[in-house]
Amino acid sequence: MTNYLDALSVLLLVSAFILMGNKRIGSYIKTFQFQSALVALLTGIIGISSFAQDGRIDVLIICAVVIGIKVLFIPYLLKKTYAKVAYRVEKDFFLNIPILVLICCLMVVFSYFSFAETMGINTGTINNQIVNSFSVILIGLLFMISRKKAIGQIVGFLVIENGIFVTALFATHGMPFIVDMGILMDILVAVIIMGIMVFRIDEKFGSINVDNIKDLRG
Amino acid sequence: MGYVLLTVPLLAVVLFIVLKKKHLQHVISVAASVTMTIAAGFLTWAVLKGGFIEYSAWGGFFRVDALSVIVIDIVVIISLMTSIFSVGYLENEIKHEKLTTDRMRIYYVLMHAFIFTMLLALTVKNIGIMWVAIEATTLASAFLVGFYNGKEAIEAAWKYIMICSVGIAIALLGIIFLQFSSLAVLDSSQFLDWTAMIDHATELQGPTLRLAFIFILVGFGTKAGLAPMHTWLPDAHSQAPSPISTLMSGVLLNGSMYGIIRIVAIVNRSFGNSMFVGRILIAVGILSVVTAAVFIFSQKDYKRLLAYSSIEHMGIIAIAIGFFTPVSLFGGLLHMINHSFTKSMLFLSTGNILQKYNTREISKISGLFKMLPVTGVVFLLGLFAIGGTPPFSVFASEIVVISAIFQEKNFLVGGLLILLLAIIFTGIVVTLFKLFYGTDIPKETPPGELNIPGVIVIVLLLGIITVMGLYIPNELRILIDQAVEIVIGG
Amino acid sequence: MLLVLKNIGEQNNLFLAAVMLYLIAAVFALALMKHHKLCNLVTNTICMAAALIGIAAAILRISTDTILTPVTIFESRITFLFLEIKIDQLSAFFVLCLSVLVLCVSIYSIGYNSHYYQKRNVGFFNFLYASFIMSMLMVIISGNAIFFYLSWEAMSLISYFLVIFESEHEENRRAGRLYIIMTHLGTAFLLIGFMIMFAYTQSFDMFGSSELIPEMAKNLMFICFLIGFGTKAGVIPLHIWLPYAHPAAPSNVSALMSGFMIKTAIYGLIRFVLCYLQVQQVWWGAVILCIGIVSAVLGVAYAIMEHNIKRLLAFHSVENIGIILIGLGVSFIAAAQNNDFLSGLALVAALLHTFNHALFKGGLFLGAGSLQYATHTKDIEKLGGLIHKMPVTAVMVLCFSLAISAIVPFNGFISEWLTYQALFLNINMGMAGQNILSILSIAALALSGALAAACFVKLFGISFLGLPRSDDAAQAKEVPLAMNIGMGILAALCLIIGVFPAVFVKLADQVAGSILGASVVETLQSGFMSATVPLAVSENSIAPAEILAALAVVILMVLLTLRLCFGKLKARKYGTWDCGFESINARMQYTATGFSKPIRIVLSILYRPGRKVVIEKGESDYFPKSVKYQVWTEPIFEKYLYNPVIRVLKSGSEKMICLVQTGSVHVYLLYIFISILALMFYNRVV
Amino acid sequence: MSDMILYFIVQTGFVILAAPLVNGIIKKIKALSQKRTGAPVLQMYYDLFKLFKKTSVVSDVSSWIFRVTPYIVFATAVAAAMIVPVTTLIKPVWNTGDVILLVYILALGRFFMMLAALDTGSTFGGMGASREAMISALIEPSILVSLITVGLIAKSTAVFPIMTFMQTVQNPLIHPVYLMIFCALLIVIIAETSRIPVDDPSTHLELTMVHEAMLLEYSGRSLALMELAAAIKQLVFITLLVNLFLPHDQLIGIHGIAAIGISLLIYLAKVFIAALLIGIVEVNTVKLRLFSIPNLAALSFILSFIGFLQFFAFGG
């Protein structure tokens with residue numbers, strides 16, 4: 001089973017790279033959907049295994065919720081939002097793509113560097129998985145930093161969340177049920193609020209380019 | 001009693017949504033806060049007697065001990081003050097058509113939701129749920145920050161929610177590592193239960209624990225406004241309505257600090273010393289104080305200035321925790337209390353000033369003593385207090401913290417801190433003292449206080465901080481000592 | 001009866017009673033806010049009572065030398081915050097100094113404050129006044145470093161409010177800001193000093209021993225104390241707040257500030273450096289000596305250029321602090337060389353001068369207050385001829401002027417003479433640096449004395465003599481009786497100390513003896529220095545009383561002989577000679593600016609004077625409509641030391657803020673990102 | 001006791017009576033060196049006598065200060081005379097003599113003189129006072145430094161012990177310390193007694209006068225007192241100079257009244273020499289600009305300071 005997990009974690013990482021390589025907001029959302037699907041798959045596998053071991057179904061429930069929220073609802077919400085706001089095609093990133101991808105590679109290296117020696121993590125096989133998922137988190141953060149548009153940042157945030165969720169799965173095979181549910185709820189609400197914010201920004205500033213709003217300085 | 005504490009704000013939220021009459025809403029808000037205060041009083045009393053309270057229901061998620069009760073008391077008292085203040089404040093806003101009645105409803109709903117989430121975070125013993133609650137505070141307050149819907153308000157709100165969500169996410173990562181470090185020790189029923197973790201601290205996996213601490217520090221530090229994660233704080237505090245700024249600096253920051261303290265307790269217990277944690281915390285703390293010291297000098301907006309001063313004091317608390325001696329922790333907790341009261345007083349006063357002058361720019365304001373006799377005096381004394389002048393309470397706790405630092409013979413940090421504090425005081429004097437004097441007062445607005453309940457509240461707070469500068473009641477002393485014992489361990 | 005009093009005195013109750021009385025006075029002031037006259041009367045009466053109690057307690061305390069056990073006022077449950085008082089003879093001496101001054105100033109205030117009635121909030125003013133005195137008293141009697149620090153800060157805070165009491169003038173506000181900033185910065189250094197002390201001894205007991213503290217730390221502490229107390233004392237170059245703050249405050253308050261508040265710094269230096277640290281190094285004393293020299297000379301040099309009477313007096317405070325520091329410096333040097341006798345002698349000189357300065361400087365500020373009260377101006381160029389309008393005030397101001405110029409037979413001379421003697425003794429073979437320093441201080445003392453005389457000739461001559469230079473001066477009336485009584489007591493004390501110094505020298509000697517173990521006076525009586533110098537530093541070496549008698553005798557004999565030989569004096573009143581011009585008028589008189597011109601030119605290197613002449617042409621060049629002559633001097637310390645620092649700070653902060661707080665959310669996220677990476681890196685490498 | 005009375009009589013009487021003579025001598029010497037016969041040596045006595053009888057005119061602007069000043073100035077001068085003994089053979093029981101006191105008691109007189117000058121509201125008075133203030137401030141340090149240096153050698157600041165000590169020094173003026181101090185004090189005396197090159201007592205030109213400007217408003221008895229006081233002060237300083245640096249009492253073998261008489265005669269001779277010296281200086285120099293007086297004062301201070309250093313170099 002672990003090799004499944006390894007494969008999935010690598011796929012996640014790849015999806016993160018793809019995301020970083022994207023240029024259009026539409027494709028951000030698609031890539032994110034794909035990544036969430038991978039996360040759901042991962043959850044499903046772990047859920048089945050845990051069900052097979054000791055009839056716990058909570059992970060499965062969580063898997064269902066993940067599919068509901070992350071794979072279906074949030075992308076739908078984002079699509080709607082970005083359809084509503086006026087959107088002009090323009091350069092959406094500070095550094096150009098190749099450099100960003102290069103930096104992402106460095107991030108992966110860095111997370112290897114920082115986890116390789118860490119006692120307790122490199123015991124057993126979870127090492128790679130943690131490293132990958134942690135790299136996903138870093139890449140997500142980098143994505144937020146590198147993208148000018150509001151929606152891009154939301155997507156980046158969601159990628160971070162994915163990464164963390166996956167890390168949780170790899171590291172601990174699921175947090176306590178209520179905690180997981182709470183986390184998912186929080187993400188849902190957060191995204192809704194951010195969506196509303198995007199509307200407000202659009203109506204106040206005439207674009208969703210976050211780089212333009214720098215009135216509050218000093 | 002604990003359930004009352006949690007249910008009352010929820011109930012209030014529901015009532016706000018149901019009942020639409022304006023005056024009723026004021027009544028509900030104040031009544032709810034009063035009930036909470038009473039409940040908190042009972043809790044405190046129980047804790048003083050029994051050491052801690054734990055309810056078995058729902059997997060016994062509810063647990064309150066001295067440490068959390070201190071913060072809870074801060075929260076409820078300040079929310080009481082705020083809700084009393086809000087009555088007059090909102091009335092004025094409505095009078096000047098800055099606000100409609102149903103916007104006011106939203107305000108109250110969000111405010112009490114915020115208080116609820118904060119209390120939840122303080123009363124649970126599962127760190128995961130605590131995390132959920134703290135994230136929820138961000139969500140609840142996001143719209144409050146952007147409440148006035150102006151360009152700048154929206155900007156502030158966006159930065160607030162973005163930065164805090166990311167930060168909090170990092171904290172979640174830390175919590176995952178925390179659980180990971182305890183996998184081998186605890187069974188699934190007590191995962192993330194910090195009581196259990198404290199008990200088995202020594203058996204946890206050290207390296208993972210260190211990672212966990214790093215991430216949690218970054219995460220909760222973001223919400224606690226520690227440099228360099230503080231960046232959202234000045235914007236949010238300056239843009240939010242003054243009562244909300246009060247809640248944020250008096251409640252939110254302490255809540256996050258509470259989270260950090262819990263984790264630090266576990267980590268240090270596990271390592272048996274405070275080397276690793278201490279160094280990081282002290283560095284971050286000093287960095288925060290430096291940031292404040294540098295930025296206060298060239299502030300043009302008095303609410304931003306107060307926000308920076310909040311950063312400074314959070315930094316001091318962080319340093320106090322970093323040294324992790326009984327004295328320093330006592331000082332840190334005392335400082336937490338004193339700072340929240342003083343800062344709330346100041347932010348509430350800015351509410352009055354803002355409503356009088358309709359500007360946040362220092363250069364546009366003068367003759368405060370003439371325009372707002374009471375608020376002016378309170379604000380000036382408050383500035384002295386926050387600058388660490390006796391006989392106000394911030395002075396006392398700062399002295400304790402500094403002495404604790406020197407007790408460890410850490411002259412560099414101590415001397416630096418003292419000088420930085422002096423510089424910050426200078427900055428406050430240079431920038432803010434222009435407000436008070438001068439005779440060229442705006443014609444269109446006649447002198448006189450607008451917000452009578454608000455004035456009563458700030459005077460009350462002034463009394464509290466003045467007394468606490470020279471004397472604290474025995475109960476409080478015992479409570480803080482208990483809390484210190486909890487953190488350091490018997 | 002006396003025994004009972006003694007017991008009370010030993011129980012500290014008298015001191016506590018004084019504190020309480022001041023507190024009560026403050027409360028009454030607030031309570032009676034509505035009725036100005038009553039409020040003023042009650043508050044000041046209570047203050048007087050408190051002052052009398054203080055005097056009694058202090059004298060009892062000085063006469064009985066047993067260290068009192070500390071008394072806790074009340075239990076604050078905050079760690080390290082012990083509100084306890086402890087009084088030894090040193091504290092008692094300063095309490096005496098304070099109480100005497102307060103007594104006179106309070107009497108004075110009864111009359112002086114009357115010009116605030118119905119104009120200002122007299123209740124609030126008296127509240128501040130009483131609590132200010134209380135805070136100063138607590139500074140002196142505080143029993144541990146933290147309580148000392150607390151009272152010290154409270155003192156600064158309250159005095160700030162007094163400085164800005166007349167806040168409608170921008171310059172007063174500026175003065176207040178400058179004052180609070182400087183004093184707070186200074187206090188920060190004090191705190192560092194206290195904390196170093198705490199770090200090694202684990203206690204804030206400033207009466208304890210400092211053996212546990214290593215040498216290096218002691219030096220550090222000394223520097224901190226020097227900066228901290230120096231700021232409050234207003235030594236050059238930390239003096240810039242002083243000439244602004246003292247004029248800004250109401251005159252009775254400036255009398256207290258200049259008369260006593262800056263002396264708390266002297267108390268601090270003696271208490272912490274001499275008593276606690278027990279001077280370790282000779283260079284400590286040398287540094288203080290140098291600072292003293294500079295302050296003494298520059299202070300008076302700047303004073304001469306001032307025509308605002310209160311600024312002038314403020315600069316003289318700098319000078320006198322310098323003289324006190326010269327005494328202290330010698331005392332420290334001697335202490336470091338274990339020369340107890342010389343150390344005691346110098347300390348006596350310093351203490352006595354502290355006391356004297358409190359008397360005459362307090363009196364002078366009160367006099368300035370009277371002038372302002374009568375003429376509503378602080379500018380002496382607008383005064384003149386007041387000796388005819390305000391004869392009593394004139395006499396007293398003359399007394400104070402003679403006293404501060406260290407002229408026989410007034411008290412200023414006594415303490416300066418002792419200082420001279422100390423310096424004289426401080427010169428001995430084989431210590432070149434020390435000797436040259438001492439002879440330079442002698443020169444500095446002489447110079448400052450002469451310049452002070454010049455300055456006060458100017459002050460008295462221009463403002464009281466000649467013809468009135470403005471209508472205000474012409475219409476001036478003698479001030480109320482209370483004010484004159486207040487000043488009268490001070491003037492009388494100045495003369496008494498000047499004529500019968502022995503008593504007060506003994507008083508100061510008791511204190512010095514209690515600190516250094518070696519009493520001076522005994523050795524003096526027994527012609528101690530017959531080995532070194534055949535002089536006895538007591539009333540039988542210079543005998544002011546006899547000198548006064550001699551002067552009187554001579555004058556009488558002259559009168560007598562002239563009367564007998566040449567008949568009675570025939571005098572005819574006539575106008576001043578006006579070179580045949582029709583009549584001399586006020587515009588023809590010498591002005592203060594003119595009077596100080598020679599010195600301005602001689603010391604122009606120091607003043608960097610500038611001048612502007614604006615001539616408005618009339619129909620003929622020989623009859624211009626108006627000629628305006630303006631002259632100013634440059635405040636070098638502000639211009640070349642402080643302003644640059646402030647500018648750098650401000651611009652630096654603005655640069656930083658634009659660099660860091662850019663307003664772009666991406667940058668903010670980047671900070672989080674970087675801090676994560678950094679922390680993980682740290683975690684990896686540690 | 002008798003000693004004490006004798007001391008009083010000799011000091012006060014002798015100095016008061018001899019003081020005008022010195023002025024006369026100096027004037028005469030100047031006159032002679034300018035090929036004039038000049039006024040008789042006793043001229044000043046006549047002047048004083050006349051002035052004492054004259055009615056004095058008092059400005060109506062002035063106050064009591066103007067009237068008391070002459071007496072105070074005179075009294076301080078006499079007090080100074082009592083401090084500086086003309087001969088060391090009479091031991092004063094009354095040991096108040098102290099160089100510091102000497103300086104500060106003269107300061108009292110000067111203080112009132114300057115006040116009186118300002119009192120009449122006349123421009124000359126103010127001018128004189130301000131110049132006097134400057135000059136006194138400039139020379140005060142060098143007086144004290146030089147006197148205290150001598151005091152250091154004598155291990156005392158009191159004048160009488162110093163003088164008695166000086167008796168034991170074999171002709172001091174070849175000793176570098178004393179030489180320096182002597183020159184310094186000479187300049188000081190010229191300044192203090194307001195003589196050329198610092199001030200010109202014989203002119204009433206407002207550009208130049210300092211001391212006279214302050215006396216301008218005085219007349220009759222007051223003027224006489226002022227003049228006499230000035231003369232006394234001058235003699236006191238001369239006494240200080242000659243008795244310190246040309247000690248003679250050690251030459252007299254015998255004791256008692258006769259010895260005192262001899263010593264006084266020698267003393268007079270020395271005063272005459274000093275007057276001669278001053279007269280020659282006056283004739284051969286011109287009055288300095290007011291603002292080059294500081295250089296002179298600086299010179300005097302430097303001399304005294306060098307003297308001080310010499311004292312340590314030569315080990316006293």
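**Helices, core and the C–D contact in a predicted model**

Helix 17 of chain B (residues 393–407) has 15 residues, and its end C-alpha atoms are 21 Å apart. The expected span is 1.5 Å times one less than the number of residues. Helices (H or I, at least four residues) and strands (E, at least two) are DSSP runs, numbered from the N terminus. The model is predicted: local features need pLDDT of at least 70 and side-chain atom pairs count only at pLDDT 80 or more, while totals for chains, interfaces and linings use all residues. Residues are numbered from 1 along each chain as its sequence is written, and chains are lettered from A and ligands numbered from 1 in the order in which they are written.

Helix 17 of chain B is mostly covered, with 14 of its 15 residues buried. A buried residue has 20 or more other C-beta atoms, placed from the backbone, within 10 Å of its own. Just after this helix, B:Lys409 adopts a positive phi of about 60°. Helix 14 of chain B (residues 326–357) reaches 46 Å from first to last C-alpha over 32 residues, close to the expected 46 Å. Of those 32 residues, 29 are buried. B:Asn358 follows helix 14, with a positive phi near 55°.

The largest nonpolar core holds 668 residues; C:Tyr22 and C:Leu137 touch the most other members. Its largest share, 22 residues, comes from helix 7 (residues 151–181) of chain B. Such a core is a set of buried Ala, Val, Leu, Ile, Met, Phe, Trp, Tyr and Cys residues joined through C-beta atoms within 7 Å. Beyond four places in sequence, C:Leu137 touches C:Ala18, C:Val19, C:Tyr22, C:Val95 and C:Leu98.

Chains C and D meet through 65 residues of chain C and 62 residues of chain D. Contact requires C-beta atoms, placed from the backbone, within 7 Å. Helix 5 of chain D gives the most to the chain D side, with 16 residues. That side has 39 nonpolar, 14 polar and nine charged residues. Ala, Val, Leu, Ile, Met, Phe, Trp, Tyr, Cys and Pro count as nonpolar, Asp, Glu, Lys and Arg as charged, and the others, Gly among them, as polar. Strand 3 (residues 571–574) of chain C runs parallel to strand 1 of chain D, joined by four bridges. Pairing requires at least two DSSP bridges. C:Tyr574 stands opposite D:Ser59.

Methods
Buried ≥ 20, exposed ≤ 12 C-beta atoms within 10 Å, placed from the backbone. Contact = placed C-beta atoms within 7 Å.
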